[in-house]
Amino acid sequence: MKLVTYNVNGLRQRVSQFDLLLKLLDSFDADIICFQETKLRRQELTADLAIADGYESFFSCTRTCEKGRTGYSGVATFCRVKSASSSCEIALPVAAEEGLTGLVNSNSRNGKNETSTVAEGLEEYEKEELLRIDQEGRCVITDHGHFVVFNVYGPRAVADDTERIEFKHKFYDILERRWECLLRRGRRVVVVGDLNIAPFAMDRCEAGPDFEKNEFRKWFRSLLVERGGSFSDVFRSKHPERKDAFTCWSSSTGAEQFNYGSRIDHILVAGSCLHQNEDKQGHSFLACHVNECDILTEYKRFKNENMTTRWKGGLGTKLKGSDHVPVFTSFDDLPDIPEHNTPPLASRYLPMIYGFQQTLVSVFMKRRANEEAKAIEVSCSSSMQSNATSSCGDISTGLLRNCALTGISPEKSCSFERESTCSVTEVDTVASRGSTVVNLSDRIYVSSVRAENTSRDGNRKKARKIQSSQLSLKSFFTTNSKVNIGGDTSSSYVSSSQSSQDESISEPNVSCKEDNEPTISTQEQDQGGSSAKQKNNSALMEWQRIQNLMQSSIPLCKGHKEACVSRVVKKPGPTFGRRFYVCSRAEGPSSNPEANCGYFKWASSKFRDK
Amino acid sequence: MLELRLVQGSLLKKVLESIKDLVNDANFDCSSTGFSLQAMDSSHVALVSLLLRSEGFEHYRCDRNLSMGMNLGNMSKMLRCAGNDDIITIKADDGGDTVTFMFESPTQDKIADFEMKLMDIDSEHLGIPDAEYHSIVRMPSNEFSRICKDLSTIGDTVVISVTKEGVKFSTAGDIGTANIVLRQNTTVDKPEDAIVIEMNEPVSLSFALRYMNSFTKATPLSDTVTISLSSELPVVVEYKVAEMGYIRYYLAPKIEEEKDTKP
């Protein structure tokens, strides 16, 4: 049983880095994967970001637009399961809950949760207050039988932002109350995620003397068993002495290059072990079931082998990945739990995914089934259409089977790609007719949803394969003029480049000017007699002088005598908008002379005094 | 005392939009011949040179040479408050610490005064030399803008090669390569649509698309752009400002770096 926590810093970006969500998830080879900072809005939860074959997912997205915070924070938990129904797997949650207060309900379509109740232990809070704290999509709770996993993205608050500090306080207070309630009832609690707290001085590069006095760090430490609390910091328990073990590096200062980071992504466990007969001395969930825990440094963006790509003040460096790295732990000796189904919070039941966001294949399936229906001449009575909406899950199972029998006709799958945006209404009717087919001709349907998933994926792959060999359908595509306007203009550029080019000329000439180095004295000059040549030579000399001047007017930093980078003050205040120069190197420990030397100089421009 | 009245105020608005992203703050130099600016971008790689000749102003009074340091972002904020048809007047006192922009609506029923704080900016005036260029390309400015934008989605460097065949813009990136060739074309209905290539010697130079793209911010100023290339000199990208002057961008070519060997 492996559990991973990863602040992905944008799920969409990580998915595109790995091409597919499935590849991203598989790269961890874990049973429970907790992502923070998905940065997705609810309406952006599409199948490619939420649904992966063999995983159940549970999302929480920010619901507030305060301060322009849309597509901000957000957490998601992915569980690797063999079957989403009637399963005994621990990874498949028994229950799942969005948010930390019990008031947020993402699937209101279930109807029964109209009046959501405040979670136990939070009664003394105002409901509005709780809702406000819970609007930012910072928590998903999944109950795995043996333990309850809190996937948490802790708020970040800078020292002088009292409103945010207050928010952070309440957030953790609410969480702590919930944990206490669960622990009182004898449950085991696993808290994972980016908590934005580095508990000890050794968890931060060059921590100052007052580092551990911070109220949140104190609070974090008070949770730990050693300090009288209930939780154990799994990483620290396994590696009590390890220094420089960080999980997050500031990307704006290039801090990864010199491992100048902090350890703020944690896995905390609390509760007893499953052993029953023995006395409890020396037994705990940590001691008996937690096998190992480590930081997955291979997800670091800055690899030492590409040391040549120096950070250079962030110019021209495009590091791929998140500014965090994942942390994993593994549990063993946990027996299966009673048979259960995936909870209603699962993304597979999201209206965005199941309701109106349909996959290409499923749309096609419905059309296919519809044709089947005609073929076998089943008369559709209008009264049966009402079944369509209620029995959605059953339909597609049947439809998929129908399709598997007949195979996919490529024309159809393509036509639906083009039409998919406008065909929603059409699809509805098709679907409703399709349902009657299932009901009439397919009395014995398979209830395993897992089976449905595999067949769907198989078909999707098939459909894709067919599409890629779809060149002969060109005529079909050209009828759709709207799509082709952009394509035509750009392709005309490219095709015109077919004209022959003089090889010797298209080779790049060695030019004498260089962006970075002021030394251009090695320049070779033609001795020409004509006046034009002379004029050019003098222009050349003049430009060399100008360029030297341009370069030398950038200050050199004290530590390395290298050209600085210029920045502009972004913080409101009397110096707002002023330009200054700083050392271009990445931030690192002050003991390392290779790292940023801290050089600072104002650019020589300021407002005239009155 | 300085008082410059520009009837076509939108020109000044467009000028600011075309340099404010490249340059933070700069000195505007006023003399009896015109209103000019010369500034480097913050990384000191590119140069901008602006000239608005005095004849282009309806009224031009400049008692003695004056250099006014302005934050271009702030100046742009103020000029955005002027309507596109407004008449803009720039006023300043010798040795004062502010400059005033006055916007008059064409019907004279609305007059707005914006006063902006001036800055002290150290900058050395660089005498930019005249030069003969190996190749000069004149083309529609929106075409150039489009090319730079398109290529920057693929790579970060554009190679501009001029041969007797035409001018080729090419780039390469992780996803592939792109080549765009334009041929000389003077048989067009509108003269501004012409592509004119004067080639004395073939050239091929590489430039950072990041800068090229910020140069094309000047596209609204002029229908045509002139690109002058020499193998040993910085490229000049020039946009005319109506009949009254120009905005010129200078950029040193990139030296071909050895390709990074991917790990």
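Predicted model: local features only at pLDDT ≥ 70, side-chain atom pairs only at ≥ 80, totals over all residues.
Figure 1. Chain B has 263 residues, of which 57% count as buried; buried means under 20% relative accessible area, exposed over 50%, and partly exposed in between, with a 1.4 Å probe and protein chains only. The secondary structure of chain B comprises 4 helices and 19 strands, where helices (H or I, at least four residues) and strands (E, at least two) are DSSP runs numbered from the N terminus.

**Figure 2. Confidence along chain B.** The mean pLDDT of chain B is 91, and 97% of its residues reach 70 or more; pLDDT is the predictor's confidence in each residue, from 0 to 100. Over residues 258-263 of chain B, pLDDT stays under 50, and the model has 3 contacts beyond four places in sequence for them.

**Figure 3. Helix α3 of chain B.** This helix (residues 141-152) has 12 residues and reaches 17 Å from its first C-alpha to its last, close to the 16 Å expected at 1.5 Å a residue. The expected span is 1.5 Å times one less than the number of residues. The buried residues of α3(B) are S141(B), F144(B), S145(B), I147(B), C148(B), D150(B) and L151(B).

**Figure 4. The loop residue Q8(B).** Q8(B) lies in the loop between β1 (2-6) and α1 (9-19) of chain B. Its relative accessible area is 45%, so Q8(B) is partly exposed. The C-alpha atoms of Q8(B) and A242(B) are separated by 9.7 Å, although these residues are 234 residues apart along the chain.

**Figure 5. Strand β2 of chain A and its partners.** Because 5 of the 5 residues of β2(A) (residues 32-36) are buried, this strand is largely enclosed by the rest of the structure. On one side lie I32(A), C34(A) and Q36(A), and on the other I33(A) and F35(A). Strand β1 (residues 2-7) of chain A pairs with β2(A) in the parallel sense over 5 bridges; two strands pair if DSSP finds at least two bridges between them. Strand β4 (residues 75-80) of chain A pairs with β2(A) in the antiparallel sense, also over 5 bridges. Y6(A) has F35(A) as its bridge partner in β2(A), and I32(A) has C79(A) in β4(A).

**Notes.** Residues are numbered from 1 along each chain as its sequence is written, and chains are lettered from A and ligands numbered from 1 in the order in which they are written. Local features need pLDDT of at least 70, side-chain atom pairs count only at pLDDT 80 or more, and totals for chains, interfaces and linings use all residues, while side-chain values use heavy atoms, with hydrogens and water left out.

Terms used
Contact = heavy atoms within 4.5 Å.
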